[in-house]
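Me: Hi! Could you walk me through the inside of this protein?

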Amino acid sequence: MKVGIVGRKKDTGNYEAFLDRHQVPHLTCLSISDLSACQGLVFPGGGDITPAFFGERDRGSRCVDTELDILQLQALEYGIQRRIPILGICKGMQIINVGLGGGIIQDLPTAQRHRYLDGDQYHETSNTPGGFLYHLYGASMTVNSAHHQGLGKLGKGLRAVSRCPLDECVEGICHESLPVIGVQWHPERLDPARTESSGTALLNFFLREIRS
């Protein structure tokens, strides 16, 4: 089993270290020919998505990398067509939503209300009963997310399984029929001492999807 991290290697060190800690073989690349050797795909965090890809003009998007967006959207399509298990993290969740025809809120007015600790933002989320995050973490949890954008209209086949009660921002999604999940927060650096939760539970759930 090998997991593909769909990103630029210079930006994916945290994700590689996370998989290394759990002894998960992985490959970081943007080439579909290389990703064909992978049985699961992780779409990592990063900058904002080019607004034209969800049918809008720029209204506050930052650190846009259009070439990266194109390559990630192509890799997403490749994975979906082959029913490869996919995990989107932060921007990666937004890529899933846009790739399936959804939208993005380009600048959340509530982004600065969350508390900062060591450069990360922490806040509570409410997990939907019956959703995979509810089964993994219970009805609520503290998460770390440092985003100023959020999901708008949900893409085809997606449903929200977690939201921030502060502003109803979507914090977790899953697909109705495909092995596709996403979170707005960062399991690769979730601190159990601060949140009483661990990203390991989410990773293990994703790995079970790959092995099933």
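Reply: Happy to. One term before we start: helices and strands here are DSSP runs, numbered from the N terminus, a helix having at least four residues and a strand at least two. Also keep in mind that this is a predicted model.

Me: Good. Which residue follows H3, and what is its phi?

Reply: That is Arg 83, with a positive phi near 55°.

Me: And the helix itself, what end-to-end distance should H3 span, and what does the model give?

Reply: H3 covers residues 66-81, and at 1.5 Å a residue its 16 residues should span 22 Å. The end C-alpha atoms are 23 Å apart, which agrees.

Me: Nice. Which of its residues are buried?

Reply: In H3 the buried ones are Leu 68, Asp 69, Gln 72, Leu 73, Ala 75, Leu 76, Tyr 78, Gly 79 and Ile 80.

Me: What covers them?

Reply: The cover includes strands S1 (3-6), S3 (40-43) and S4, along with helices H2 (32-35) and H4 (91-99).

Me: Let's move to the cores. How many residues are in the largest nonpolar one?

Reply: There are 30, and Leu 41, Phe 43, Ile 86 and Ile 96 have the most contacts inside that core. Two or more residues each come from S3, H3, H4, S10 (158-163) and S11 (170-175). H3 provides the largest share, six residues. Apart from this core lies another, of 27 residues, including Met 141, Val 183, Leu 202 and Phe 206.

Me: Back to Ile 86: what is it in contact with, beyond its neighbours within four places in sequence?

Reply: Ile 86 touches Leu 41, Phe 43, Leu 76, Gly 79, Ile 80, Ile 96, Pro 179, Val 180, Ile 181 and Phe 206.

Me: What lines it?

Reply: The lining of the largest cavity is Ile 5, Tyr 15, Phe 18, Leu 19, Val 42, Leu 87, Ile 89 and Leu 203. By class that makes eight nonpolar, no polar and no charged residues.

Me: What about the second largest pocket, how big is that?

Reply: Its volume is about 210 Å³. The second largest pocket is lined by 16 residues, and closest to its centre are Asp 11, Gly 45, Gly 46, Gly 47 and Leu 68. Its lining has five nonpolar, six polar and five charged residues.

Methods: Residues numbered from 1 in each chain as written. Predicted model: local features only at pLDDT ≥ 70, side-chain atom pairs only at ≥ 80, totals over all residues. Heavy atoms only, no water. 1 Å grid on protein atoms, 1.4 Å probe; cavity = no way out; pocket = protein on both sides within 12 Å on 5 of 7 lines; lining within 4 Å. Nonpolar A, V, L, I, M, F, W, Y, C, P; charged D, E, K, R; others polar. Expected span 1.5 Å × (residues − 1). Buried < 20%, exposed > 50% of the residue type's maximum accessible area, 1.4 Å probe, protein only. Contact = heavy atoms within 4.5 Å. Points joined across faces, edges and corners; volume = space filled by probe spheres on them. Core = buried A, V, L, I, M, F, W, Y, C linked by side-chain atoms within 4.5 Å.
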